[in-house]
Amino acid sequence: MIEVHCGDITRLRVEVIVSAASQNLLNSDGVDGAIQRMAGPALLQACRLIGNCPVGEVRATPGFQIPVKRIYHTVGPVWRGGNLGEPELLSACYHKCLALARRENIRSIAFPAISCGLYGYPPKQAVAIAVAQVQFELQRDTPLRQVIFCCANQETTELYLSQLN
């Protein structure tokens, strides 16, 4: 089941929340910053121990002070016009998070609109990629029963709802 929510991803009742991280995993802006503040200083320490995460990849940590099993940190591409592999890299973010969720037997996961904020990805294109990846994954044998797209504003929420209909 795919849902769309407008609000704070750290307040959702899911097993995994996805953080739109920077490559050094130490960002303090946007969704990632909100997750770091809510999870507490232990998350920052865990991210320092992990080190870097390449664009299109995923790293996992515990939820710390956020009541989730795991936080998946994925690094979306910076939009540079769309001809430098941005669609493939954004698609990889969702694919690799969903593959990790399958391996970890996760039943519920929430995604932010990866790369749509500071990284400048056009929201309509990013939403189409996100929805396509999730729909594809849910057609496979997966333990996932709930996927939430958590949006920071009503405009992005409407894009997801439109793409899903």
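Colleague: How many aromatic pairs does the structure hold?

Modeller: This is a predicted model in which local features need pLDDT of at least 70, side-chain atom pairs count only at pLDDT 80 or more, and totals for chains, interfaces and linings use all residues. Residues are numbered from 1 along each chain as its sequence is written, and side-chain values use heavy atoms, leaving out hydrogens and water. Rings of Phe, Tyr and Trp (its six-membered ring) pair if their centres lie within 6.5 Å; planes under 30 degrees apart count as stacked, over 60 as edge-to-face and the rest as tilted. The number of aromatic pairs is 4.

Colleague: Why is the pair of tyrosine 94 and phenylalanine 111 classed as it is?

Modeller: The ring centres of tyrosine 94 and phenylalanine 111 are 4.9 Å apart. Their planes stand at 45°, so the pair is tilted.

Colleague: Is phenylalanine 111 buried or exposed?

Modeller: Buried means under 20% relative accessible area, exposed over 50%, and partly exposed in between (1.4 Å probe, protein chains only). With a relative accessible area of 0%, phenylalanine 111 is buried.

Colleague: Where does glutamate 15 lie?

Modeller: Glutamate 15 has a relative accessible area of 15%, so this residue is buried. Its place is the loop between strand E1 (2-6) and strand E2 (16-20).

Terms used: Helices (H or I, at least four residues) and strands (E, at least two) are DSSP runs, numbered from the N terminus.
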